[in-house]
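This report describes selected local features of one protein model. Please look over the sequence and the structure before reading on.

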Amino acid sequence: MSCSSCSTNKSGVPNGCKSNGNCATGTCGSGNKLAVFDWLSNMTLPTGEAPFNIYEVRFKNGRKHFFKNSDKVTVSMGDIVAVEGSSGHDVGIVSLAGELVKVQMKKRKIAADSEDVKRIYRKASQKDIDIWQAAREKELETQRKGREIISRLGLKMKLSDVEYQGDGTKATFYYTADERVDFRQLIRDLAGTFSIRVEMRQVGMRQEAARLGGVGSCGRELCCSTWLTDFRKVNTAAARYQQLSLNPLKLAGQCGKLKCCLNFELDTYLDALKSFPKQDKILKTEKGDAVFVKMDIFKKMLWYTYKEESFKWFKLSLDQVHEIIELNKNNELALPLDEYELEITEEEAVNFENVVGQDSLTRFDTPKKPRRGNRRRSRKPIGKKPAAKTKKESNNATEAKPKKRPQKNQAKAEPNNKKTDKKRVDNRKQKPKNNPKSNKPKPQKGSEENKTQTQKKKPNNQRRRNNNQRKRKPNGNKNNENKNNKE
């Protein structure tokens, strides 16, 4: 569920609460960092016991503090309240109330009577909320100008975040630095530029990542910005116990340190490794000494190789390795690792059957084979005549080939089954002969259309005559040659 400030305006542009990743009203699930579910809210207190008078109030980027309701103001979870600040007042959201506040105070080792527990003034009025939101809008510009001042002074520090107090009279600058920094001149410049009281607070790399938030390599939101509050030390030994490659790019988180999740499963791995032999243990066999290569902890499989033949690895079970170690303790050599490897029977993985008849999801992953080679093979080579076929091959070919359908250009068979000549048939239309009778003018009826038709037909007759003359020329030459030879 989103709050009313996340709605769009008349032009269709989303408004947003502009809280830089932290919902101003606490109703958005994604922006509510380090949220706690009050599972005791529906339970009634024992008779005669008053409700707990201390509330947990959340500020920007998951910063939380405890405040006492000494004036007995009616406050519930999600209310915006004005609380006591170092000077002036601050504005925050009530994140937890009731008996669970006692548990949270016990975790952080804060007593109910300590000076750190300050007072709740009142519920925030509309004027307080307007001043608070106006101060929150200044934070990005203040951070940008603050970085310009730091670079001008040449200080070796990184300004990661700026947080204004609810009344807008004070700003806290969070920074990270590897060395100690003298920022006295920086405080004077910041106070003169923004006309506010300045507080500098140094945080570590992990605290910086927790405040800013982000998405990890697993695809989920960072643990330190959602639920993780205590940062324990993480060593590279945790990666070695889990058989992980010591690659700093994969083992480091967004903060640049080792990932906190390396400690999550470390206890499970340590319990499983108790039954495994040490990695420097050498197995003595008849073929030679074998050295450890790697292991699969949860499948209880180990890989060994001979010192002289390190190119080949042998897969052994945990029971087989313990058996070889016991033989070596009795000063006996074990059989070669080849025979032990043959005894291992791999169980086939149970796959889901395709009952519905659906196609596999990876059917498009395999590339299709090219068909160009097949086409080239099917083509006949140019300029080469086909080899003469034997009688047997010709008979087989006639039997195998299907009967072809009669084509349109083929002449139709005669009904009397007359023998057709094998000579080539000339299907062209015969040209009309120039008969003198046909050239006689026909009686005209006197119409102009007939005159125009006759005029158009004259050049065609001339063309035909010219073609006939061209064809007759070679014959005339031959006749002249024959006469000369006779003479």
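The text below covers a helix, some ring contacts and one glutamine.

The model is predicted.

**Helix 3**

Helix 3 spans residues 139-153, which makes 15 residues. From its first C-alpha to its last it reaches 21 Å, close to the 21 Å expected at 1.5 Å a residue. Its buried residues are Glu 139, Thr 142, Gln 143, Gly 146, Ile 149 and Ile 150. Seen down the axis of helix 3, these buried residues fall within an arc of 125°, so they line one face of the helix. An α-helix has 3.6 residues a turn, so residues three or four places apart point the same way.

What covers the buried residues of helix 3? The cover includes helix 2 (126-137), strand 6 (158-164), strand 7 (170-176) and helix 4 (184-194). On the face turned away from the buried side, helix 3 carries the exposed residues Leu 140, Ser 151 and Arg 152. Just after helix 3 comes Gly 154, with a positive phi of about 75°.

**Aromatic rings**

The structure holds six aromatic pairs. A pair of aromatic rings is described by the distance of the centres and the angle of the planes. Two of the pairs are given in the table.

| Pair | Distance of centres | Angle of planes | Kind |
|---|---|---|---|
| Tyr 175 and Phe 183 | 5.7 Å | 70° | edge-to-face |
| Phe 292 and Tyr 304 | 5.9 Å | 75° | edge-to-face |

The pair of Phe 292 and Tyr 304 links distant parts of the chain, twelve residues apart. Phe 292 lies in strand 10 (residues 289-296) and Tyr 304 in strand 11 (residues 301-306). Phe 292 is buried, with a relative accessible area of 13%, and Tyr 304 is buried at 0% relative accessibility. In the other tabulated pair, Tyr 175 is buried with a relative accessible area of 5%.

**Gln 104**

Gln 104 belongs to helix 1 (residues 100-108). Is Gln 104 buried or exposed? Its relative accessibility is 17%, and buried means under 20%, so Gln 104 counts as buried. Leaving aside neighbours within four places in sequence, Gln 104 is in contact with Val 36, Glu 56, Phe 66 and Leu 96. Of these, Phe 66 is 38 residues from Gln 104 in sequence and 9.5 Å from it in space, C-alpha to C-alpha.

Technical notes: Residues are numbered from 1 along each chain as its sequence is written. This is a predicted model: local features need pLDDT of at least 70, side-chain atom pairs count only at pLDDT 80 or more; totals for chains, interfaces and linings use all residues. Side-chain values use heavy atoms; hydrogens and water are left out. Helices (H or I, at least four residues) and strands (E, at least two) are DSSP runs, numbered from the N terminus. The expected span of a helix is 1.5 Å times one less than its number of residues. Buried means under 20% relative accessible area, exposed over 50%, partly exposed in between (1.4 Å probe, protein chains only). The arc is that of the directions from the helix axis to the C-beta atoms. Contact means heavy atoms within 4.5 Å. Rings of Phe, Tyr and Trp (its six-membered ring) pair if their centres lie within 6.5 Å; planes under 30 degrees apart count as stacked, over 60 as edge-to-face and the rest as tilted.
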